[in-house]
Amino acid sequence: MKDALYHLLNRECGRDVTVRGQTMTLTLLTARELLEIRFAGDGEEDDFAKALRTGAALMAKSLRQNGAPVFESAEAVLDTLSAEEINGTVAVYQNWSKEIDPGFDSGEETIAALKKD
């Protein structure tokens, strides 16, 4: 899990692309920029936006470095990271959470295997 999070947060955020013969750099947008573009027309927030905002809040509360929060707020996460980075980190958190507490709806086989360990 730590390796996945490290890879996610330390990867490149730009990629060269060729458009009409010109080489340009395509950059990942921050989550806030993506939300602004997504809702520029209708202003309606959908499930994607809600999930992104919830993921940013989760990261703001759960990511720490040397015991201190990495981000001041969910807004700081949205301003700093891309949607892909947020969703990837949330996936790492969810997988880790399931390992620790698989929940009552995990199925008898999963719970039996965990009891053996």
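A residue counts as buried under 20% relative accessible area, as exposed over 50%, and as partly exposed in between. The structure described here is a predicted model.

The chain has 117 residues, of which 21% are buried. Its secondary structure consists of 6 helices and 4 strands, and the order of the elements from the N terminus is α-β-β-α-α-β-β-α-α-α. Among the contacts in the chain with a separation of 6 or more, 51% link residues 24 or more positions apart.

Strand E1 covers residues 14–19 and contains Arg15. Arg15 has a relative accessible area of 56% and is therefore exposed, since the value is over 50%. The C-alpha atom of Arg15 lies 5.4 Å from that of Thr25, a residue 10 positions away along the chain.

Helix H3 comprises the 16 residues 47–62. The distance from its first C-alpha to its last is 22 Å, close to the 22 Å expected at 1.5 Å a residue. Ala49, Leu52, Gly55, Ala56, Met59 and Ala60 are the buried residues of H3. These residues lie on the same side of H3 because the arc that they cover around the axis is only 135°. The exposed residues Asp47, Thr54 and Lys61 are carried on the face turned away from this buried side. The cover over the buried residues of H3 includes helix H2 (31–38), strand E4 (68–69), helix H4 (74–80) and helix H5. At the N-terminal end, H3 is capped by Asp46, a side-chain oxygen of which lies 3.2 Å from the backbone nitrogen of Phe48.

Helix H5, which forms part of the cover over H3, runs from residue 83 to residue 100. Its end C-alpha atoms are 26 Å apart, in agreement with the 26 Å that 18 residues should span at 1.5 Å a residue. The buried residues in H5 are Ala83, Glu85, Ile86, Thr89, Val90 and Val92. Glu85 has a relative accessibility of 5% and so counts as buried. A polar atom of the Glu85 side chain lies 2.7 Å from the backbone nitrogen of Ser82.

The structure holds 1 aromatic pair. This pair is formed by Tyr93 and Trp96, with a centre-to-centre distance of 6.3 Å and an angle of 85° between the planes. The arrangement is edge-to-face, because the angle is over the 60 degrees required for that class. Tyr93 and Trp96 are separated by about one helical turn, because they are 3 residues apart in helix H5. An α-helix has 3.6 residues a turn, so residues three or four places apart point the same way.

Terms used. Residues are numbered from 1 along each chain as its sequence is written. This is a predicted model: local features need pLDDT of at least 70, side-chain atom pairs count only at pLDDT 80 or more; totals for chains, interfaces and linings use all residues. Side-chain values use heavy atoms; hydrogens and water are left out. Helices (H or I, at least four residues) and strands (E, at least two) are DSSP runs, numbered from the N terminus. Buried means under 20% relative accessible area, exposed over 50%, partly exposed in between (1.4 Å probe, protein chains only). A polar contact is a pair of N or O atoms within 3.5 Å; within protein, one must be able to donate a hydrogen and the other to accept it, and residues adjacent in sequence count only if both atoms are side-chain atoms. The expected span of a helix is 1.5 Å times one less than its number of residues. The arc is that of the directions from the helix axis to the C-beta atoms. Contact means heavy atoms within 4.5 Å. Rings of Phe, Tyr and Trp (its six-membered ring) pair if their centres lie within 6.5 Å; planes under 30 degrees apart count as stacked, over 60 as edge-to-face and the rest as tilted.
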